[in-house]
Amino acid sequence: MESLEQIKARIEAAVPGASIEIVQNASPSKQDSLLIDNHHARDVATFLRIDPTLRLDFCSNVTGVDWLDRTVKKTVKVKKVVDGQEKEVAETTEKKIPGYLEVVYHLYSMTRKHGPVIIRMRTADRAESACVHSLTAVWRSAEFQEREIFDLYGVRFEGHPDLRRILMWDEFEDYPMRKDFREPDDYEYEPTPHDDVLEKARRHYAPRPSEEELKPSQDGRNKSEILQRLATQDDNLK
Amino acid sequence: MSEGIDDSLRRELQRQGVWVTSMQELYNWGRKNSIWPLQFGLACCAIEMIATAASRYDIARFGGEVFRPSPRQADLMIVAGTVTKKMAPQIVRLYNQMADPKYVIAMGACAISGGPFKQGYNVLKGIDRYIPVDVYIPGCPPRPEALLHAFMELQRKIDEQKLRGANKAAHLNSEQPSEFPVPAFGKHDLDPPLNSKVFRPPAIERP
C-alpha cells in the first residue's frame with residue numbers, strides 16, 4: 001500500500017480545496033492517521049473508496065474520542081540582550097487548546113487486501129457545533145456506529161439517515177463516554193470497595209470506627225457518642 | 001403434613017391402602033410439579049438456561065420444560081442475564097402481565113446485583129429493585145446444576161405455601177399486590193431508581 005504521504009498528495013490532487021493533515025501516532029503501533037477537514041469529508045471519503053489503487057471498500061469501525069480543554073506548554077530558547085550581553089534564555093509559552101470531539105474511521109480494502117487507513121475528523125467544539133459530516137452514504141456499515149457515537153459522545157452527524165440514540169433511551173440527556181460525564185449518584189453498599197468505588201463508599205457510608213474509638217473511656221461516653229454520630233449519618237442517607 | 005389428622009393414624013391408613021391428604025398438599029403438589037417458565041433470556045446466563053432445558057440437564061425431570069413465549073401462560077420468570085436500565089421497564093411490564101400465582105428466579109450475578117457492571121451508569125443493580133424475587137442464584141454464569149437447585153428450592157417454597165390463615169400465599173391474599181409500577185425513562189436515570197416498597201438499599205447495622 002502507498003504511504004500516507006502519497007495518499008495525502010493524491011487526495012489533495014483529486015479533491016481541490018481539501019486540506020489534509022497527517023496526525024502522528026507516537027505509540028509503538030505507529031498507526032498514523034489522516035485528519036480531514038469537515039467541508040470536504042464526503043468527497044475525500046468517496047475518493048478513498050472508488051480510487052482503483054486504494055479501493056477502501058470496508059469501514060471496519062468508527063470510534064469517538066473526547067478531548068477536553070487543555071494547555072500546552074512550550075519551552076523555546078531565545079537569544080536576548082540582557083544588560084548589554086547576549087544570553088540564551090528559556091522562554092515558556094502557554095497555548096490554550098479548546099476542547100473538541102474526534103471521530104475516527106478505520107478503513108480496509110477487501111479487494112486489494114490492504115489496510116488499515118485511518119481517517120479522523122474533528123468538531124469545532126464540544127457543545128453547539130459538535131458536528132461532522134456523516135460518511136454513512138459512503139460506507140453503509142458506519143450507520144449504527146455513528147449512531148453509537150452520537151449516543152455516547154454527542155457528536156451530530158450531518159446527513160445521517162436515522163440519527164437517534166441506539167444504546168441509551170431517547171429521553172436520556174447525558175453523553176456517558178464524555179470525560180466530564182457525571183453518573184447518577186446511586187452508590188449502594190459493597191463488601192470490598194476499592195479505588196473510585198471506595199471514594200463513593202466513604203461518601204455514602206460512615207467508615208467503621210477504629211478499635212481505639214470503640215474502647216470505653218472513663219466516663220463511658222465515648223462509645224455512645226460514636227454510635228450516636230453513626231446513627232445520624234445513617235438517617236441522613238435514608 | 002395435613003392438619004386435623006394424627007400422623008400415626010395416617011401412616012396406619014396408608015399401610016392399609018388408604019391415602020389421606022389435605023386440599024393444601026394436593027394443591028401445592030400439583031402446582032410445584034408444573035411450573036412453566038417464561039421464555040426469554042437477556043445475556044450469557046440465558047445460554048446456561050437453554051442448556052438446563054436441553055437433554056443433558058433436562059429441566060423436564062422437575063416439570064419445568066414448557067417454556068412459554070407469552071407471559072399470560074407462564075408461572076415463572078427466570079431473569080437470566082444483565083438487566084440494563086433500558087430493559088428494566090419491559091421486564092417489570094412482562095412480570096405484571098403474568099397471571100398469578102407467579103414466581104421469579106434471579107439468575108446470575110448481574111440479575112441479583114448488577115454483577116461486574118454494578119458501578120456502571122447503564123445497568124440495573126439487581127431486578128429486585130422493582131419486582132419481588134423468590135430465589136437468587138449467584139454465579140457468572142451459574143451452572144445448569146445451580147439453576148436446577150434454584151428450581152428445586154422454588155418447588156420447596158411452593159410446597160410450604162398456605163391456602164388459609166394470616167400468612168397465606170401472596171396470590172390468594174387480595175391485599176398483596178400482584179402488579180408493580182413500571183419505572184419511566186428519566187433524563188439521567190430510571191424514574192424512580194428503585195421501588196421502595198419492594199427494595200431497601202443495604203444499611204450497615206451496628207450493635
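**Note on a two-chain predicted model**

1. Start with P138(B), which sits in the loop between β3 and α6 of chain B. Helices (H or I, at least four residues) and strands (E, at least two) are DSSP runs, numbered from the N terminus. P138(B) is exposed, at a relative accessible area of 57%. Exposed means over 50% relative accessible area, buried under 20%, and partly exposed in between (1.4 Å probe, protein chains only). The C-alpha atoms of P138(B) and G108(B) are separated by 4.9 Å, though the two are 30 residues apart along the chain.

2. A word on conventions. This is a predicted model: local features need pLDDT of at least 70, side-chain atom pairs count only at pLDDT 80 or more, and totals for chains, interfaces and linings use all residues. Residues are numbered from 1 along each chain as its sequence is written, chains are lettered from A and ligands numbered from 1 in the order in which they are written, and side-chain values use heavy atoms, with hydrogens and water left out.

3. Next, helix α6 of chain B. α6(B) has 16 residues and reaches 22 Å from its first C-alpha to its last, close to the 22 Å expected at 1.5 Å a residue. The expected span is 1.5 Å times one less than the number of residues. Which residues of α6(B) are buried? They are P144(B), L147(B), L148(B), A150(B), F151(B), L154(B), Q155(B) and I158(B). The arc is that of the directions from the helix axis to the C-beta atoms. The cover over the buried residues of α6(B) includes α2 (23-32), α3, β1, β2 and β3 (135-137) of chain B.

4. Helix α3 of chain B spans residues 44-53, and C45(B), A46(B), M49(B) and T52(B) are buried there. They cover an arc of only 110° around the axis, which puts them on the same side of α3(B). The face turned away from that buried side carries the exposed residues C44(B), I47(B) and I50(B). The buried residues of α3(B) pack against β1 (76-80), β2 (103-107), α5 (108-113) and α6 (144-159) of chain B.

5. How do these two helices meet? α3(B) and α6(B) pack at an angle of about 75°, with their axes 9 Å apart. That makes α3(B) roughly perpendicular to α6(B). Axes are lines fitted to C-alpha atoms, for helices over the stretch in contact, and angles run from 0 to 180 degrees between N-to-C directions. Angles under 35 degrees count as roughly parallel, over 145 as roughly antiparallel, 65 to 115 as roughly perpendicular and the rest as oblique. E48(B), M49(B), A51(B) and T52(B) in α3(B) meet P144(B), L147(B) and L148(B) in α6(B). Contact means heavy atoms within 4.5 Å.

6. Now chain A. It has six helices and nine strands. Of its 238 residues, 37% are buried. Residues 24 or more positions apart account for 54% of the contacts in chain A with a separation of 6 or more.

7. The largest nonpolar core has 41 residues, and I11(A), L34(A), L48(A), Y105(A) and I119(A) touch the most other members. α2(A) gives the most to this core, with five residues. A nonpolar core is a set of buried Ala, Val, Leu, Ile, Met, Phe, Trp, Tyr and Cys residues joined through side-chain atoms within 4.5 Å. A second, separate core of 22 residues includes A46(B), I59(B), F67(B) and F151(B).

8. R120(A) deserves a look. It lies in strand β7 of chain A. Is R120(A) buried or exposed? R120(A) is buried, with a relative accessible area of 16%. Leaving out residues up to four places away in sequence, R120(A) touches V23(A), S33(A), L34(A), L35(A), I36(A), E102(A), V103(A) and V104(A).

9. Finally, check the backbone. Most residues other than glycine have a negative phi, and most peptide bonds are trans. R55(A), not a glycine, has a positive phi near 50°. R55(A) sits in the loop between α2 and β3 of chain A. D195(A) also has a positive phi, about 50°, although it is not a glycine. D195(A) lies in helix α4 of chain A. A cis peptide bond joins D100(B) and P101(B), with omega about -10°. The bond from D191(B) to P192(B) is cis too, with omega near 0°.
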